[in-house]
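Q: I would like to go through this model with you. Could we take the ligand site, then the interface, then the individual chains?

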Amino acid sequence: MAGVELRGIRKSYGHLQVVHGVDLDITDGEFIVLVGPSGCGKSTLLRMIAGLESISGGEIRIGPRTVNDVLPGDRDIAMVFQNYALYPQMTVAQNMGFSLKMRRVPHADILRQVREAAAILGLQDLLDRYPRQLSGGQRQRVAMGRAIVRNPSVFLFDEPLSNLDAKLRVQTRVEIKALHQRLRTTTVYVTHDQVEAMTMADRIVVMHDGRIEQVGTPLELYDRPANRFVAGFLGSPAMNFFDGGLGGADGSRFVLGNHAIPLPAGAERAAPRSVVLGVRPEHIVVDAQGVPAEVVVVEPTGSETQITARLGGQTFTAAMHKRLTAPPGSTLGFRIDPANIHLFDGETGARIP
Amino acid sequence: MRSPFMSERASAYLFLAPGFILYLLMALVPALATLAFSLTEVDRFTWGISFAGADNLLFVLSDRRFWTAFGNTFTFIAMAVAGNVGLGLLLAVLIDRQMPRAVLYFLRLAFFLPVLVATALVSLVWQLLYSTDLGILNYYLNELHLPSVSWLTNSRVAMVSIVILDVWKHVGFFMIIQLAALQGIPRSLVEAGELDGAGFWQIFRYIKLPYILPVVLFCVTYATITGLQVFDSIRILTQGGPGDATISLVMYMYEEAFGAQDIGVGSAAAFILLAAIAVTTLVQWRIGRRMVAQ
Ligand SMILES: Nc1ncnc2c1ncn2[C@@H]1O[C@H](COP(=O)(O)OP(=O)(O)OP(=O)(O)O)[C@@H](O)[C@H]1O
Ligand SMILES: [Mg+2]
């Protein structure tokens, strides 16, 4: 087992730079989730850790050694690919044992290790099948089996669940997490699914355009997003943003049209003129004494009710656990909980403390 | 949408017609004619035709020269298939890597160009290269203080010389096909192999080769079928000689039909050739299917 250190990692394809200096310390045994929108460089970063992609600058350390020039097969890592990449002409057992065979492990030991890994994942009955004879979920499991069989220091996953149906995805997500709790192997997991990120990660790394936006535990990121991008990326339904300005003699109120929301003390000092107010849907409540807004649509999801409404030309979403109906076009009163608001700089998007 | 002029079915036949008529005139009719001829005897002075039954077939099967041609052809096939498919695969593996596009195009063209030139033309050039006294091959051998080789007149060497020409001419074709197959291998499979610690050779042996095996087997079958039909190069380089050392099945057939002007015997030989092609293809297909199924 080993930690992973990334120091100023850069990647360019020709003149196009796609990763701009990433620094990250992953401690031994940690489950790190890389998350971000499509094309932000998650896979590229993961593949550089794996050694499948050369790095254009910086240093990668796995455990005590720098692996910049170490071949993928010698980095003591295992990777689960999005399409699983099972060898089609080999049986499940041969797929799982291939890395051991390449390391000249004696045949009897290969057999034993493959059986042990198969038992962990419930693959015992599939060992003699070929990949084409397996369902998508079984293939995914074999790909994981192939990764755990040789007990590497680091697991790398690149969107391993994206080819599964919704139910299986949830189930497998739980299993991967349980597997990690059992094996405690350092894991770097790429996904663009924020639910996976929130539920699985010890720490989440949010990436955007080849840069790290924020690193932290899921709740840290959820409760104190460092900037508007992170705030909008994590959480479903997404955080509401209101463009507005500061008002009141001391700038202690957020002014939206002809409504004003009091800000927590201390915020106004650092506040520039143009600010964005962020509120999560669950922190907006329906209250007859609140600010009246026009209802656009009411969507019951069963466990909660989501209301989209319009206020001063801006739409926002509120989510609540009580059931409620209101016809589109009607007016409801809404109240924002001042303790749970986020302020961001209107220009840079950075959080204003 | 319905055609305003004719039914869909009729237009389908119309579109198929040119290809089908060509096939009819150039392949099916001649094949049936050959079958008919093989059962007859044509008097070459009066052009009188009489029914001969299995006489022609029996004559061919009891002709020692036919069996020489038969053996030669399969010797040729064994060497030419190994050379064409094997060397083609080796070249494909060497070319299947990151390289500037221009270099890749140049290499592909360089190896493929001989495929496009008529065999007869190529054979005439190689005849000059192979010439014992004036040929460039022996010139360089002598420069290296090696003895001259009687490329086309030594009965042990002549067949090898023909194979060398054949491989030079056709290897590009087999390279291109196998290169395309190699480039069709999903990248993640190779990457998984690298992560599993397999080296270049192991990745080829355990991942790439099994993946492209169906294509390699297709190449073997294709090379075998064309090998069974070898003719132009032999006719120009050695005329089947020295002695009958390089006579092939098609040459035998040609000589019987047009040299000895015995259309019946030539047709019978052609039919045996057809049977040989059918049997070889079937056997290779069976073996291939079993190998690929693994
Ligand atoms: N071989 C390549 N040549 C040029 N650009 C590339 C290459 N591979 C990736 N890129 C670019 O690098 C950027 C990052 O790609 P990457 O695959 O890492 O994104 P990602 O975050 O994994 O996205 P996704 O969620 O869609 O998988 C993209 O803009 C992509 O276009
Ligand atoms: Mg990706």
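Q: Which element gives the largest share of the shell around ligand 1?
A: That is helix H1 of chain A, residues 42-50, which contributes three residues to the shell. Please keep in mind that this is a predicted model.

Q: And which residues are around ligand 1?
A: The shell consists of Tyr13(A), Val18(A), Ser38(A), Gly39(A), Cys40(A), Gly41(A), Lys42(A), Ser43(A), Thr44(A), Glu159(A) and His192(A). By class, six of these residues are polar, three are nonpolar and two are charged.

Q: What lies 2.8 Å from an oxygen atom of ligand 1?
A: A polar side-chain atom of Lys42(A) is found at that distance. Glu159(A) also approaches an oxygen atom of the ligand, with an N or O atom of its side chain 3.4 Å away.

Q: How much of ligand 1 does the protein bury?
A: The protein buries 60% of the 640 Å² that ligand 1 exposes when taken alone.

Q: Changing topic to the interface: how many residues of chain B are in contact with chain A?
A: On the chain B side there are 18 residues, and they are in contact with 26 residues of chain A. The area buried between the two chains is about 1,800 Å², with carbon and sulfur atoms giving 58% of it.

Q: Which three residues supply more of the area that chain B buries than any other three?
A: They are Leu195(B), Asp196(B) and Tyr206(B), which supply 39% of the area that chain B buries against chain A.

Q: What about salt bridges, how many are there across the interface?
A: The rule finds three across the interface of chain B and chain A. One of the pairs in the model joins the side chains of Glu53(A) and Arg187(B), at 4.0 Å from N to O.

Q: How many salt bridges does the structure hold over all chains?
A: The total is 18. Among them is the pair of Asp25(A) and Arg7(A), whose closest N and O atoms are 3.0 Å apart. Asp25(A) sits in strand S2 of chain A (residues 16-26) and Arg7(A) in strand S1 (residues 4-13), so this pair ties together parts that are 18 residues apart in sequence.

Q: Staying with chain A, where is there a cis peptide bond?
A: A cis bond joins Ser236(A) and Pro237(A), with omega at about -5°. Pro237(A) belongs to the loop between helix H8 (228-233) and strand S11 (240-247) of chain A.

Q: Which residue has a positive phi although it is not a glycine?
A: Arg104(A) does, with phi at about 60°. Arg104(A) lies in the loop that runs between helix H2 (92-102) and helix H3 (107-121) of chain A.

Q: Finally, what is the make-up of chain B in helices and strands?
A: Chain B has 12 helices and two strands. Along the sequence the pattern reads α-β-β-α-α-α-α-α-α-α-α-α-α-α. The C-alpha trace of chain B spans about 75 × 75 × 40 Å along its principal axes.

Notes: Residues are numbered from 1 along each chain as its sequence is written. Chains are lettered from A and ligands numbered from 1 in the order in which they are written. This is a predicted model: local features need pLDDT of at least 70, side-chain atom pairs count only at pLDDT 80 or more; totals for chains, interfaces and linings use all residues. Side-chain values use heavy atoms; hydrogens and water are left out. Contact means heavy atoms within 4.5 Å. Buried area is the accessible area (1.4 Å probe) that two parts lose on being put together, summed over both. A residue is near a molecule or strand if one of its heavy atoms lies within 4 Å of it. A polar contact is a pair of N or O atoms within 3.5 Å; within protein, one must be able to donate a hydrogen and the other to accept it, and residues adjacent in sequence count only if both atoms are side-chain atoms. Accessible areas come from the Shrake-Rupley method with a 1.4 Å probe; for residues, only the protein chains shown count as cover. Helices (H or I, at least four residues) and strands (E, at least two) are DSSP runs, numbered from the N terminus. Ala, Val, Leu, Ile, Met, Phe, Trp, Tyr, Cys and Pro count as nonpolar, Asp, Glu, Lys and Arg as charged, and the others, Gly among them, as polar.
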